[in-house]
Amino acid sequence: MPADFISNLYVFILAGFVGFELIKRVSPLLHTPLMALTNALDAIVVVAAIIIAGRHETRFTTILGAIAVAASFSNMVGGFLITDRMLRMFKSGRSKQS
Amino acid sequence: MNAFELRQSLDFAYIVAVVLFILSLKFLSSPASSRWGVVAGEIGAGLAVIVTLFNPEVVQYRWILITLIIGAGVGIPLGLVHMTAVPQRTALSHAFGALSAAIIGVAEYYVGTAPVTRFEMGEIALEVIIGSLTVTGSLIAAGKLQELLPQRPIVYRGQNIVSLTVLAGALGLAIALVVNPAQAMLFPIMVIVALIFGVLLVTPIGGADMPTVISLLNSYAGFSAALLGFVLNSKVLVVAGALDGSSGFILSVIMCKAMNRSFTNVMFGAFGQVQAAAAGAQEERAVRSATPEDATAILEAARSVVVVPGYGMAVAQAQHKVRELYDLLTKKGIEVRFAVHPVAGRMPGHMNVLLAEADIPYDRLIEMDEINGDFPQTDVALVIGANDVTNPAARNDKSSPIFGMPILDVDKAHTVMVIKRSMSPGFAGIDNPLYYLDNTLMLFGDAKQFVSAIVKELSGGH
């Protein structure tokens, strides 16, 4: 078992607990925007895609990397955009009157 | 800066990005601070993307720039879809997220720098299987939500055996690859089998179970990204994937609890068949129906009204008319609140987004546990396009397929009015005793048209 695996496992478990505590506190009102936002954050996979597409190894891996860049970056852009559009709509009774 | 220092500064930037991601979710704990969550997430993601372009491994930029532009070109319209299309857009984005994670896993396998060890092979195989089944599963879910595919559960004899055999096939191929990673031939077969399993997994699941399925797919997409982080030894992916995966997992648990069902029951549920049997045992019973005029008179005489929205309101796009109704009643001094069941609609929080879109203040949207105690003191419960989540059989009929599911206790209100197209039980097929109660009035018609008629009466009639 490589040493990196253990350190990654630490990070994974700790991040999982942090995620659990954070998500538990998100109001059910915002569950749809939550899913859109975590989708956008998950699109950070684009950084791995950029490296594969830019590494110039074989044409095949470059093509795969390029598809992955497009797919994940569209999630990133679209995810943040729609999350913000949704959250903008949530107004409390007080702010509505002002 | 030498290569080592450069790499360290990249890692430092990724740590900043991870902190911003965690803050981003923290800001979402209240609607007031929530928009800062988007800002924090955007800064973190933007920073990570920009510093990655300086990674010394990146030597050619042409394809990166072209595909970033294509990604933005696809992402912007997908970010601007109409609010009613949010569930299918979400399913599609699960597919995209899983696609990129799976594809990078495939590329890692074929990258010829170093021979893949058994351990790495195991990581890659697991990552690619989860990613691939999420791609096709999410596409099927999106197709169902967009109504390109039938929303009813598609079931056939021996389905679970077939599905599990296919899954076992994919895992068997993965094991064979771990035993000998050099069997390159098996790798694409494993990917195809996993893709097929994704189709088989979601096809039998009906529209009413979509909130759970979409949350589960969210969780799979997240965990596949985290696994990819293990494969590539990238902590930023491990963290982002763990956050996304745990979020989807928690939402699935909440959805399952709100339906009193287990994961296995949703995924391999005999729900479809049980419902079909229940529908057969229906008998003719008398219901009382009312006209928009009657309904208006009852609403005007009320002091407190609770509106219960469901998928029917979303389909009819009645939320803006409901808002007009809310405004008119509120102006008359009537207290109007909205009771939102966790699984109302097609994804977690679906109703809240539609009502917020119609400008209804969020402090009027009340969760099930909070509002259920208030129904006995409520004059009118107005059910708009919701069915199973109001079914009292869940409370008192042990033979009902939804017995034990927590429901909104609308039957305890003084008067219940149900806007519904007809008495047909819909594809869920469960008869709802609510409709036959003495204090229930059926308002037959399209949700949008019926609410419009009430609004017209309320504003013009007097």
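**Notebook: strand E4 and the sheet of chain B**

I looked up strand E4 of chain B and found both of its faces covered: Val380(B), Leu382(B) and Ile384(B) on one side, and Ala381(B) and Val383(B) on the other, are all buried. I took a residue as buried if 20 or more other C-beta atoms lie within 10 Å of its own, with C-beta atoms placed from the backbone. Strands (E, at least two residues) and helices (H or I, at least four) are DSSP runs numbered from the N terminus. Since 5 of the 5 residues of E4(B) (380–384) are buried, the strand is largely enclosed by the rest of the structure. In a regular strand the side chains alternate between the two faces of the sheet.

I note that this is a predicted model, in which local features need pLDDT of at least 70 and side-chain atom pairs count only at pLDDT 80 or more, while totals for chains, interfaces and linings use all residues. Residues are numbered from 1 along each chain as its sequence is written, and chains are lettered from A and ligands numbered from 1 in the order in which they are written.

Next I traced the neighbours of E4(B), counting two strands as paired if DSSP finds at least two bridges between them. E1(B) pairs with E4(B) in the parallel sense over 5 bridges, and Pro309(B) stands opposite Ile384(B). E4(B) is also joined by 5 bridges to the parallel strand E5(B) (415–420), where Val416(B) is the bridge partner of Ala381(B).

I then recorded the whole sheet, which is open, has 6 strands in the order E3-E2-E1-E4-E5-E6 and pairs in parallel. Its edge strands are E3(B) (365–367) and E6(B) (440–444), each pairing on one side only. The twist averages 25 degrees from one strand to the next; angles run from 0 to 180 degrees between N-to-C directions, with axes fitted to C-alpha atoms, for helices over the stretch in contact.

At the E3(B) end, I found 3 parallel bridges between E2(B) (335–340) and E3(B), with Val340(B) opposite Glu367(B). Helix H15(B) (350–357) packs on the sheet, touching E1(B), E2(B) and E3(B), and its direction makes about 145 degrees with that of E2(B).

Finally I checked the domains, whose bounds come from an automatic or database assignment: domain 1 of chain B covers 3–75 + 83–248, and domain 2 covers 292–460. I found 16 residues of domain 1 in contact with 14 residues of domain 2, contact being C-beta atoms, placed from the backbone, within 7 Å.

Note on methods. Contact = placed C-beta atoms within 7 Å. Buried ≥ 20, exposed ≤ 12 C-beta atoms within 10 Å, placed from the backbone.
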